[in-house]
Amino acid sequence: MKTTIINLFLIVCSNLLMAQQDNVHFNYDKCGYKGFAKERFMNLYSKEKRTNVPVFSTALLSNRYKVDELDFISIPIFGWNKQSYNCGDNIEFLLAFKPDFLFQMVFIVTKKDDLKVGIFEIFDSYNEEIRKKDSINNVKFPLHGRPVMSDSKVIEKEIHKYVLENPNTLVFMIKGLHGYWAVIDGELVKLVKKGSKIKGEPSSEYVCKYYGQEFINDVINDSFRIGYRYLGCPNCEINKLIKIDIKN
């Protein structure tokens with residue numbers, strides 16, 4: 001009897017451990033991201049006011065709004081763990097869910113009516129990473145594209161509203177991919193426009209279908225091939241659902 005109880009206890013512990021291993025845990029410092037975004041904004045705002053050269057949009061934001069009339073939406077950008085990807089893999093374990101205040105997009109919105117009036121990017125850590133690689137490889141004339149790609153005009157126009165309407169949802173971008181991603185009820189999704197609303201599609205299925213194995217591996221290894229025809233895997237099956245546990 002005692003042996004049976006011990007065996008049952010070990011089985012329960014083993015199942016709990018396996019369940020934990022099937023989850024991704026991430027400590028998200030929302031205030032830290034926003035605080036750094038505001039600090040960078042203040043520097044750029046002062047520069048714009050001093051030089052009369054637009055920084056955040058085609059118009060001079062500093063002539064239209066006072067600082068206390070504006071708020072900020074921080075969109076973190078996450079990179080990749082250096083692991084290979086096969087069609088059907090879950091991308092949750094491939095993403096580097098590590099806080100990096102120096103790698104984010106920032107929307108500027110009005111406090112009064114939630115209008116998006118400007119945008120700026122903070123790519124400091126990405127630029128430093130590229131600089132080090134180019135220095136090691138003795139690259140004299142570096143040519144690098146943007147680390148993230150924008151979404152459709154409709155999504156870009158409405159994404160700030162989605163973030164404001166869903167304050168408990170982590171919305172972010174992924175290095176090398178386009179558009180916006182989110183964690184909804186523990187599930188990683190790609191945000192897409194469906195009808196009149198922005199909704200989430202399962203991320204691993206989306207990546208498999210629209211990007212494919214070669215593209216993702218090239219993105220992970222910073223070896224994107226310009227002009228190469230990447231193919232997705234429309235019929236691949238995803239291994240299993242992975243939950244993401246976010247702690248603020």
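I looked up which elements each supply at least two residues of the lining of the second largest pocket, and I found helix 2 (30–51), strand 2 (70–80), strand 4 (104–110), helix 5 (153–165) and strand 6 (170–174). Helices (H or I, at least four residues) and strands (E, at least two) are DSSP runs, numbered from the N terminus.

I note that this is a predicted model, in which local features need pLDDT of at least 70, side-chain atom pairs count only at pLDDT 80 or more, and totals for chains, interfaces and linings use all residues. Residues are numbered from 1 along each chain as its sequence is written, and side-chain values use heavy atoms, without hydrogens and water.

A pocket is an open set of points on a 1 Å grid over the protein atoms alone, where a 1.4 Å probe fits, with protein on both sides within 12 Å along at least five of seven lines; lining residues have an atom within 4 Å of a point.

Second largest pocket. I recorded a volume of about 470 Å³, the space filled by probe spheres set on the points, which are joined across faces, edges and corners. Its lining has 22 residues, with Tyr28, Lys30, Val163, Pro167 and Thr169 nearest the centre. Strand 2 gives the largest share, five residues.

Largest pocket. I recorded about 560 Å³ of space here. Of its 21 lining residues, Tyr126, Gly145, Arg146, Asp222 and Phe224 lie nearest the centre. Helix 4 (124–136) and helix 7 (213–220) are the elements that give two or more residues to this lining. Helix 4 provides the largest share, four residues.
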